[in-house]
Amino acid sequence: MTETGRIVCISGGSAGIGAGLVAGFLEAGDRVYTFGRDAEKLARLADRWPEPVASGRLKTLVGDVTDAEFRARLIAMIASESGRLDVLVNNAGVILASGDLEESVEAWRATLEINLIAPFALIQSGADLLERSPAPVVINLSSACADHPFATCTSTSYSASKAGLDMLTRRLALALAPRGIRVNGVAPGVVASEMWGGAMDLMVETVRRRHVLKQEAVTPEDVAAAVLFLASSGARLVTGAILNVDAGYRLG
Ligand SMILES: NC(=O)c1ccc[n+]([C@@H]2O[C@H](COP(=O)([O-])OP(=O)(O)OC[C@H]3O[C@@H](n4cnc5c(N)ncnc54)[C@H](OP(=O)(O)O)[C@@H]3O)[C@@H](O)[C@H]2O)c1
């Protein structure tokens with residue numbers, strides 16, 4: 001298999017980093033399935049890619065990654081249309097609270113459901129389809145907040161969900177190695193996206209303080225370059241790795 005024409009599934013490709021990942025794989029000549037909850041955001045994504053939409057190389061679906069029925073329908077659709085899955089990117093993720101003891105248990109549950117349990121469930125549903133690929137790979141979107149209690153990471157539930165995701169990455173890399181499926185993570189620093197919501201001042205300050213290499217935000221294109229590398233044959237022996245794309249966030 002050349003590194004084009006791959007069958008790729010990206011959760012949350014309608015905005016931010018996910019939209020950058022969709023662009024990266026489409027530009028590489030791959031076929032991309034992506035989804036999110038908001039139909040308008042997906043329509044805006046589709047408007048950017050008229051040719052891939054018309055040719056069926058970009059498929060957008062309205063769906064929630066936490067919905068088991070939707071996940072089953074998605075995997076069944078990829079199986080019937082494409083017959084295999086080469087790349088699964090667990091990108092959809094949220095920050096629903098900030099603080100420590102002040103975060104509600106409901107926010108904790110919802111955060112873990114979207115950021116940790118749903119990626120596991122999507123890998124579980126897609127594993128047989130991935131196994132039909134000659135070079136299958138799963139890539140999970142982690143965060144610089146996953147492995148250190150930095151004060152600039154303001155949500156305890158979010159940091160804990162990403163720490164859990166990193167262990168999920170390593171555990172499943174081990175478990176799926178006999179089936180030839182690689183499992184890796186990419187951990188960005190600060191990316192200017194809707195995720196920061198009304199906290200733009202904090203975002204700018206975090207970039208200034210923690211991005212020690214260059215005081216600039218990581219872009220979706222920077223993240224896509226790392227994901228495309230991990231999906232490539234150049235990374236054929238890379239599994240269980242978490243690749244930091246964080247301008248040195250963890251170093252300072
Ligand atoms: N931005 C950063 O600084 C940063 C840093 C490190 C890591 N990350 C990680 O990178 C990933 C993408 O973040 P981002 O900054 O691009 O966020 P974003 O701009 O808020 O985009 C999130 C995407 O995920 C979708 N999504 C959210 N919840 C979903 C659900 N339950 N089901 C299906 N789709 C869902 C959203 O669409 P709908 O809302 O329409 O569903 C949207 O397409 C996340 O895992 C995040 O934790 C971000």
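A residue is near a molecule or strand if its C-beta atom, placed from the backbone, lies within 6 Å of it. The views show a predicted model, in which local features need pLDDT of at least 70, side-chain atom pairs count only at pLDDT 80 or more, and totals for chains, interfaces and linings use all residues. Residues are numbered from 1 along each chain as its sequence is written.

**View A. The shell around the ligand.** Of the 28 residues around the ligand, those that come nearest are Gly12, Gly16, Gly36, Asp38 and Gly93. At least two residues of the shell are supplied by each of helix H1 (16–27) and strand S2 (31–36); helices (H or I, at least four residues) and strands (E, at least two) are DSSP runs, numbered from the N terminus. H1 provides the largest share of the shell, three residues. By class, the shell comprises 12 nonpolar, 11 polar and five charged residues (Ala, Val, Leu, Ile, Met, Phe, Trp, Tyr, Cys and Pro count as nonpolar, Asp, Glu, Lys and Arg as charged, and the others, Gly among them, as polar).

View B. Seven strands, in the order S3-S2-S1-S4-S5-S6-S7, form an open sheet with parallel pairing (two strands pair if DSSP finds at least two bridges between them). Strand S3 (58–62) and strand S7 (242–245) stand at the edges with a single partner strand each, so one side of each is left without a neighbour in the sheet. On average, and with direction ignored, neighbouring strands of this sheet are turned by 15° against each other (axes are lines fitted to C-alpha atoms, for helices over the stretch in contact, and angles run from 0 to 180 degrees between N-to-C directions). Strand S1 (residues 7–11) pairs in the parallel sense with strand S4 (residues 87–90) over three bridges. The bridge partner of Ile10 in S4 is Val89. H1 packs on the sheet, where it touches S1, S2, S3, S4, strand S5 (137–141) and strand S6 (182–188), and its direction makes about 165° with that of S2 (residues are in contact if their C-beta atoms, placed from the backbone, lie within 7 Å). Helix H6 (residues 156–176) lies across S5, S6 and S7 and runs at about 160° to S6.

**View C. The packing of H1 and H8.** The axes of H1 and helix H8 (residues 220–230) are 8 Å apart, and the two helices pack at an angle of about 55°. H1 is therefore oblique to H8 (angles under 35 degrees count as roughly parallel, over 145 as roughly antiparallel, 65 to 115 as roughly perpendicular and the rest as oblique). Their crossing is right-handed (a crossing is left-handed if the near helix is turned anticlockwise from the far one by less than a right angle, and right-handed if clockwise). Residues making the contact include Gly16, Ile17 and Ala19 of H1 and Pro220, Glu221 and Val223 of H8. By class, this contact of H1 with H8 has nine nonpolar, three polar and one charged residues.

**View D. The packing of H4 and H5.** Helix H4 (residues 68–82) and helix H5 (residues 105–131) have axes that come within 10 Å and cross at roughly 25°. H4 is therefore roughly parallel to H5. The contact involves Ala68, Arg71, Ala72, Ile75, Ile78 and Ala79 of H4, together with Ala121, Leu122, Ser125, Gly126 and Leu129 of H5. By class, eight nonpolar, two polar and one charged residues make up the contact of H4 with H5.

**View E. The packing of H5 and H6.** H5 and H6 pack at an angle of about 15°, and their axes are 9 Å apart. The two helices, H5 and H6, are therefore roughly parallel to each other. H5 passes H6 in a right-handed crossing. Among the contact residues are Trp108, Leu112 and Phe120 of H5 and Tyr158, Lys162 and Leu165 of H6. By class, the contact of H5 with H6 has 13 nonpolar, five polar and one charged residues.

Key
Contact = placed C-beta atoms within 7 Å.
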